[in-house]
Amino acid sequence: MTQESEALCFHFDVDGNNFVSAGEASVQVKKLLRQMGFTPDLIRRVSIAMYEGEINMVIHAGGGVADICVEPNKVCVTLTDKGKGIENIELAMQEGFSTAPENIRALGFGAGMGLPNMKRYADNMEIDSKVGVGTTINMEFFVNEA
């Protein structure tokens, strides 16, 4: 854990090809956000989006990293992998579109909802992907004042 001014930043490695540990980073972030006193709605949105991203890294990229910075007014999540990249981001954003192989679908993953759910729950989301190089997804979740 590193601290930069008012932001608390956390780094997690996402183990590729390991569905047993997939989602561990989102569970840890959920606990951290709860301990920091964030609203259940914000915690739920961050957790769902992070989990979807972690699963995508396991399925498509052989793992990656998740970097989270928590500020008083927002939570920023950056997911980075060195996988094969996304050939067509617009197509990948369509609900139900999936490039997951059949053996992954047989496990109950790869339904084509990962990226759409990430976009649905984040307040802002940007995807930078280069075929053969990898993908970086930046998401922002704003704190709503109750």
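**Pocket lining and helix packing**

Trainee: Which helices and strands each supply at least two residues of the lining of the largest pocket, and which of them gives the largest share?

Mentor: Helix H2 (40-61), strand E4 (74-81), helix H3 (89-92), helix H5 (114-121) and strand E6 (134-142) each put at least two residues into that lining. Elements are DSSP runs numbered from the N terminus (helices H or I, at least four residues; strands E, at least two). The largest share, 9 residues, is supplied by H2.

Trainee: How much space lies in the largest pocket?

Mentor: This is a predicted model: local features need pLDDT of at least 70, side-chain atom pairs count only at pLDDT 80 or more, and totals for chains, interfaces and linings use all residues. Residues are numbered from 1 along each chain as its sequence is written, and side-chain values use heavy atoms, with hydrogens and water left out. A pocket is an open set of points on a 1 Å grid over the protein atoms alone where a 1.4 Å probe fits, with protein on both sides within 12 Å along at least five of seven lines; lining residues have an atom within 4 Å of a point. The space in the largest pocket is about 680 Å³.

Trainee: Which residues of its lining are closest to the centre of the largest pocket?

Mentor: The lining holds 17 nonpolar, 12 polar and 4 charged residues (Ala, Val, Leu, Ile, Met, Phe, Trp, Tyr, Cys and Pro are nonpolar; Asp, Glu, Lys and Arg charged; the others, Gly among them, polar). Of the 33 residues that line this pocket of about 680 Å³, the closest to its centre are Asn56, His60, Ile86, Thr99 and Leu115.

Trainee: How is H2 oriented relative to H5?

Mentor: The axes of H2 and H5 are 9 Å apart, and the packing angle is about 155°. Angles run from 0 to 180 degrees between N-to-C directions, and those over 145 count as roughly antiparallel. H2 is therefore, relative to H5, roughly antiparallel.

Trainee: Which residues of H5 make the contact with H2?

Mentor: Contact means heavy atoms within 4.5 Å. From H2 come Arg44, Arg45, Ile48, Ala49, Glu52, Gly53 and Asn56. Their partners in H5 are Gly114, Leu115, Asn117, Met118 and Tyr121.

Trainee: At what angle do H1 and H2 pack?

Mentor: The contact sets Glu24, Ala25, Ser26, Val29, Lys30, Leu33 and Arg34 of H1 against Ile43, Val46, Ser47, Met50, Tyr51 and Glu54 of H2. By class, this contact has 7 nonpolar, 2 polar and 4 charged residues. H1 (residues 24-35) and H2 are therefore roughly antiparallel to each other. Their axes are 8 Å apart, and the packing angle is about 165°.

Terms used:
Points joined across faces, edges and corners; volume = space filled by probe spheres on them. Parallel < 35°, antiparallel > 145°, perpendicular 65-115°, else oblique.
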